[in-house]
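Let's take a friendly walk around a protein and look at its charged side chains. Have the sequence and the 3D view ready as you read.

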Amino acid sequence: MKEKRNVHLKVQELCDCYATNDPLKEMSVVKNGANKDEAAFKWLALASLHGVNNNAQEVTITRSKDGAVRVTAKYRETELPSPGSEVGAKIMAAVREVTHIEGDKGKTPLSLGIRNDSIELQVKIKTKDGREKVTLKFPG
């Protein structure tokens with residue numbers, strides 16, 4: 001029987017693991033990983049680390065009807081490396097699993113432990129006309 005680990009805990013462990021790496025560099029190659037579920041968890045950890053390290057207001061991942069995924073960060077409007085369609089879909093599912101948001105839209109706080117500290121993100125999910133959007137809003 002395969003053990004299914006808690007996604008929230010897995011993302012926190014990956015934050016700790018990648019805390020000293022360059023999140024953008026790692027984000028740009030995450031779509032090449034063989035295990036797409038693990039790649040989604042890693043991408044969430046890296047996006048959180050990037051937001052914390054760069055004083056981002058928020059990081060948003062948007063998936064269109066056709067499955068194309070686009071990621072932006074708000075501090076200055078800039079596009080971040082996309083995780084690709086397959087990993088992008090897994091990211092959306094992982095965020096829903098961690099936050100327990102099931103409907104077309106919802107918002108909830110998410111406490112994330114990073115090394116010896118923690119941060120509280122606001123997670124917002126919105127689905128409209130086949131387009132799904134997840135926003136990680138950073139404090140500040």
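This is a predicted model: local features need pLDDT of at least 70, side-chain atom pairs count only at pLDDT 80 or more; totals for chains, interfaces and linings use all residues.

**Salt bridges**

A search of the whole structure finds seven salt bridges. Here are three of them, with the N to O distance for each pair.

| Salt bridge | N to O distance |
|---|---|
| K10 and E38 | 3.4 Å |
| E26 and K42 | 3.3 Å |
| D37 and K90 | 3.3 Å |

D37 sits in helix α3 and K90 in helix α4 (residues 85-99), so this pair ties together parts 53 residues apart in sequence. D37 is partly exposed, with a relative accessible area of 37%, and K90 is partly exposed at 32%. E26 and K42, by contrast, are both buried. In the remaining pair of the table, K10 counts as buried because its relative accessible area of 17% is under the 20% cut-off, while E38 is partly exposed at 33%. Elsewhere, salt bridges link R63, R96 and E132 in a network.

**Strands**

Strand β1 (residues 58-63) runs antiparallel to β6, and six bridges join them. Here T62 stands opposite K133 in β6. β5 and β6 are also antiparallel, pairing over seven bridges, with K124 opposite T135 in β6. Two residues separate β5 and β6 in their hairpin, and D129 in the turn has a positive phi of about 50°.

**A positive patch**

Which residues form the positive surface patch? They are K74, K105, K107, K124, K126, K128, R131, K133 and K137. β4 (105-114), β5 (117-128) and β6 (131-137) each give two or more residues to the patch. One member, K107, lies in strand β4 and is exposed, with a relative accessible area of 63%.

Conventions
Residues are numbered from 1 along each chain as its sequence is written. Side-chain values use heavy atoms; hydrogens and water are left out. Patches are made of residues with over 30% relative accessible area and no salt bridge: like charges are joined within 9 Å, nonpolar side chains (Val, Leu, Ile, Met, Phe, Trp, Tyr) within 5 Å. Accessible areas come from the Shrake-Rupley method with a 1.4 Å probe; for residues, only the protein chains shown count as cover. A salt bridge is a side-chain nitrogen of Lys or Arg within 4 Å of a carboxyl oxygen of Asp or Glu. Lys and Arg count as positive and Asp and Glu as negative; His and the chain ends are not counted. The place of a charge is taken as NZ of Lys, CZ of Arg, CG of Asp or CD of Glu. Helices (H or I, at least four residues) and strands (E, at least two) are DSSP runs, numbered from the N terminus. Buried means under 20% relative accessible area, exposed over 50%, partly exposed in between (1.4 Å probe, protein chains only). Two strands pair if DSSP finds at least two bridges between them.
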